Amino acid sequence: MALGRGGSMWLSLAVVLCMSIAGSASEIKVGFYSDSCPKAEDIVKTELDKAFKASPGIGADLVRLHFHDCFVRGCEASILVDSTKGNIAEKESPPNETFEDEVFDVIDTIKKRLESTCKRTVSCADIIAFAARDSVVHYGGKYYSVPSGRKDGRKSLINETVDLPPPTFNLTQLTAMFARKGLNRDDLVTLSGAHTIGVAHCPSFADRLYNYSGTLKGDPSLDYVYAKKLKRECPPGNTVNEVDMDPQSSLTFDSGFYKAVTTHRGLFTSDQTLMSTYATSNKVYQYAKNPNLFKKAFATSMVKMGKIGVLTGKQGTVRANCRVINYS
């Protein structure tokens, strides 16, 4: 994930959006299922623990899944919906095609367990939010309470994934995209820290190696030694190889990402651009030096992001199958 045009227009827009978000998010709360499905979060964690044993890196994709869900239509599980004959869904878009099937399969497994315990009670949107939190904790991040009570949406449209920040964006562009979701630059710098875990496919940063800004050359801001390493792992035209986003500790939720960015080893343009202003670079240095400060801030920003465009009450539904929309 990577993220503005500053100015009064974006500030006004952010204020309006924040008011809208607050209005819909006011009905979600910590412990929403304490009476209707008291074991809900325990069931999510139990199934995730099994998934981690089978696929140690799956949690990074579950964190990314939450981000990709919330940035398109809000946190209402539209990313889980399968395409039909009459509709191409979000998961078919290029940014979402990189999710392995196992990511959606583990959500299905959790949903099946919950349906057998508390039928049509726990939404798919809340499952995503719980799974993202538990993944952060699994890798060493800070535990945070997840407000719940989201409902699932009734639409999933591939063309709406234009709301996902691409890894090629600079700070101005990213700030604008985040502002449209009611998130500020501190949230941008903080949430980018999710790149401390997981992998990236070569095409997502190949431009920095071979054709930066149409120059047919590499990005001069990328550390030379790191660039040589990436070229070995991602030769020209390779579309299948993967590299660790944080080579030193890709399965540990720490401040390694920020340390890499301070030494010009941010993998994406959207990572390295965090060093382009005094305010954002100062935040990067703070997090690089103080992992606990980063982990606390990340938990706060995740809760904030989890309130984007949520549906509550009759605004949405609770799907029996996360892949299929309920119209009732």
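Begin with the second largest pocket, which holds about 250 Å³ of space. A pocket here is an open set of points on a 1 Å grid over the protein atoms alone, where a 1.4 Å probe fits, with protein on both sides within 12 Å along at least five of seven lines; lining residues have an atom within 4 Å of a point. The volume is the space filled by probe spheres set on the points.

This is a predicted model, in which local features need pLDDT of at least 70, side-chain atom pairs count only at pLDDT 80 or more, and totals for chains, interfaces and linings use all residues. Residues are numbered from 1 along each chain as its sequence is written, and side-chain values use heavy atoms, with hydrogens and water left out.

Select Asp246, Pro247, Gln248, Ala260 and Arg265, which lie nearest the centre of this pocket among its 15 lining residues. Next, display helix H10 (224-233) and helix H11 (256-262), the elements that each give two or more residues to the lining; helices are DSSP runs of H or I with at least four residues, strands runs of E with at least two, numbered from the N terminus.

Now select Phe253 and Phe294. Their ring centres are 5.3 Å apart and their planes at 15°, so the pair is stacked (centres within 6.5 Å; planes under 30 degrees apart). Phe253 is in the loop between strand S2 (242-244) and H11, whereas Phe294 is in helix H14 (residues 291-305). Phe253 is buried at 1% relative accessible area (buried is under 20%, with a 1.4 Å probe and protein chains only). Phe294 is also buried, at 0%.

How values were computed. Rings of Phe, Tyr and Trp (its six-membered ring) pair if their centres lie within 6.5 Å; planes under 30 degrees apart count as stacked, over 60 as edge-to-face and the rest as tilted. Buried means under 20% relative accessible area, exposed over 50%, partly exposed in between (1.4 Å probe, protein chains only).
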